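Here's a quick briefing to read alongside the model. Have the viewer open and click along as you go.

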Amino acid sequence: MTSQLLGLRRPVALAAIGAGLAYGLLARFVFGHDAAEGLLDGVMTCSFIFVVPFVIGFVAAYVHPGDGLGMRRAVVLAWAAGTLTIFFAMGLAWEGLICAVVWLPVFLLMAALGGLNAWGLRRASGGRRPLVLASFAIAPFVVAPLEAQLPTPNRIRVVENRIEIAADAATVWTQIREVPPIAPEELGPSFAHRIGFPRPIEARLVGEGVGSVRYATFEGGVTFVEMVTEWEEGRALAFTIDARAVPATTFDQHVAVGGPYFDVLEGRYRIEQAGPGRCVLYLSSRHRLSTRFNAYTRIWTALFMRDIQQNILEVIRRRSERTAAA
């Protein structure tokens with residue numbers, strides 16, 4: 001009923017959405033092509049992440065013929081074109097599910113702003129102007145080479161989780177120094193795992209004390225080599241994380257651990273005694289963000305890291321409490 005009220009089933013509306021979609025896919029192809037790497041600096045840029053969806057929404061609303069374009073229809077046309085661009089990019093294997101989830105809110109917001117701008121310009125000028133449409137269409141390709149001259153900032157972030165455990169520190173320590181294979185049923189529901197992050201399998205310790213090595217394995221052939229830098233039995237365990245043993249096919253290239261945009265550098269467990277037979281376990285991670293929109297990506301990396309860490313802490317809690325009860 002909503003689509004009928006907004007006229008989105010009419011051929012003119014579908015053509016307008018198709019124009020925005022075609023522009024979005026063309027921009028994704030050009031920005032992601034190897035030949036444009038030095039000039040446009042790829043898709044992980046403000047030019048693509050923010051300007052392209054704005055223009056997608058603008059194109060979809062601006063090319064819509066007739067005088068029936070209102071604010072609401074302009075926004076819906078823009079949202080339809082932006083959403084379809086994301087889904088088609090996934091269908092063409094240009095983007096993975098993780099990227100789609102992360103960037104869909106930005107695409108919808110910027111596309112809506114583009115649609116509203118198109119509606120406003122059409123009202124102010126009394127119609128459509130091919131030169132105006134062309135000016136907006138080339139904007140990302142003009143801005144991108146200028147943006148490519150700017151340095152990419154690096155930001156180091158720390159995310160920490162905590163959990164209370166009905167077991168003493170010595171029992172918990174045996175569960176964190178080395179993690180035996182985790183059965184799938186031991187892992188609870190996880191948003192991060194559902195959208196593509198691999199599930200943890202085990203952490204195998206070679207040696208003991210500072211300088212020993214943990215091999216943390218995850219689904220998809222992922223292995224993190226962890227060099228122990230702090231070892232206080234019953235109190236603390238810290239390690240650096242080397243993600244070089246991560247297959248290129250496991251993660252989407254734009255969110256790959258150890259890639260140019262994101263890396264997990266260190267992990268640390270800390271145990272605090274909270275009373276007889278009880279303690280609090282903390283798990284923190286230190287990670288790097290290297291994008292020109294770190295203020296946005298840090299929201300998602302914090303969400304994903306907290307979700308993954310909490311899942312691991314729940315496994316340790318259940319195992320520790322089961323051991324203590326036995």
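Where is the place of alanine 93? Alanine 93 sits in the loop between helix 5 and helix 6. Keep in mind that this is a predicted model. The protein has 10 helices and 7 strands, and its C-alpha atoms fill a box of roughly 75 × 45 × 30 Å along the principal axes. Of its 326 residues, 49% count as buried.

- Alanine 93 has a phi near 65°, which is a positive value in a residue other than glycine.
- For context, most residues other than glycine have a negative phi.
- Alanine 93 counts as exposed because its relative accessible area is 65%, and the cut-off for exposed is over 50%.
- Glycine 91 belongs to helix 5.
- With 67% relative accessibility, glycine 91 is exposed too.
- From glycine 91 to proline 65 the C-alpha distance is 29 Å, with the two residues 26 apart in sequence.

**Helix packing**

- Helix 4 (residues 46-62) packs against helix 6 (residues 97-125) at an angle of about 45°, and their axes are 6 Å apart.
- That angle is why helix 4 is called oblique to helix 6.
- The crossing of helix 4 with helix 6 is right-handed.
- Helix 2 (residues 11-32) and helix 5 (residues 71-91) pack at an angle of about 45° as well, with their axes 8 Å apart.
- So helix 2 is oblique to helix 5.
- Helix 2 and helix 5 make a right-handed crossing.

**Salt bridges between separate elements**

- Searching the whole structure turns up 14 salt bridges.
- One of them pairs the side chains of arginine 292 and glutamate 147, at 3.4 Å from N to O.
- This pair ties together distant parts of the chain, 145 residues apart: arginine 292 is in the loop between strand 7 (278-289) and helix 10 (294-325), while glutamate 147 is in helix 7.
- Arginine 292 counts as buried because its relative accessible area is 17%, with the cut-off set at under 20%.
- Glutamate 147 is buried as well, at 7% relative accessibility.
- Glutamate 226 and arginine 214 form another salt bridge through their side chains, at 2.5 Å from N to O.
- Here the link runs from glutamate 226 in strand 4 (residues 222-232) to arginine 214 in strand 3 (residues 213-218), and the two are 12 residues apart.
- Both glutamate 226 and arginine 214 are buried.

- What do the side chains of arginine 317 and glutamate 314 meet in? They meet in a salt bridge, at 3.0 Å from N to O.
- Arginine 317 and glutamate 314 are both in helix 10, 3 residues apart, or about one turn of the helix.
- Arginine 317 counts as partly exposed because its relative accessibility is 22%.
- Glutamate 314 is also partly exposed, with a relative accessible area of 23%.
- Salt bridges link Glu314, Arg317, Arg318 and Glu321 in a network.

**Nonpolar surface patch**

- Which residues form a nonpolar patch on the surface? Ile138, Val142, Val143 and Leu146 do, and together they have about 360 Å² of accessible area.
- Isoleucine 138 is part of helix 7 (residues 130-147).
- Isoleucine 138 is classed as partly exposed because its relative accessibility is 49%; exposed would take over 50%.

**A buried strand residue**

- Leucine 237 is in strand 5 (residues 236-242).
- Is leucine 237 buried or exposed? Leucine 237 is buried, since its relative accessible area is 0%.
- Leucine 237 and glycine 18 are 219 residues apart along the chain, and their C-alpha atoms are separated by 55 Å.

How values were computed. Residues are numbered from 1 along each chain as its sequence is written. This is a predicted model: local features need pLDDT of at least 70, side-chain atom pairs count only at pLDDT 80 or more; totals for chains, interfaces and linings use all residues. Side-chain values use heavy atoms; hydrogens and water are left out. Patches are made of residues with over 30% relative accessible area and no salt bridge: like charges are joined within 9 Å, nonpolar side chains (Val, Leu, Ile, Met, Phe, Trp, Tyr) within 5 Å. Accessible areas come from the Shrake-Rupley method with a 1.4 Å probe; for residues, only the protein chains shown count as cover. A salt bridge is a side-chain nitrogen of Lys or Arg within 4 Å of a carboxyl oxygen of Asp or Glu. Helices (H or I, at least four residues) and strands (E, at least two) are DSSP runs, numbered from the N terminus. Buried means under 20% relative accessible area, exposed over 50%, partly exposed in between (1.4 Å probe, protein chains only). Axes are lines fitted to C-alpha atoms, for helices over the stretch in contact, and angles run from 0 to 180 degrees between N-to-C directions. Angles under 35 degrees count as roughly parallel, over 145 as roughly antiparallel, 65 to 115 as roughly perpendicular and the rest as oblique. A crossing is left-handed if the near helix is turned anticlockwise from the far one by less than a right angle, and right-handed if clockwise.
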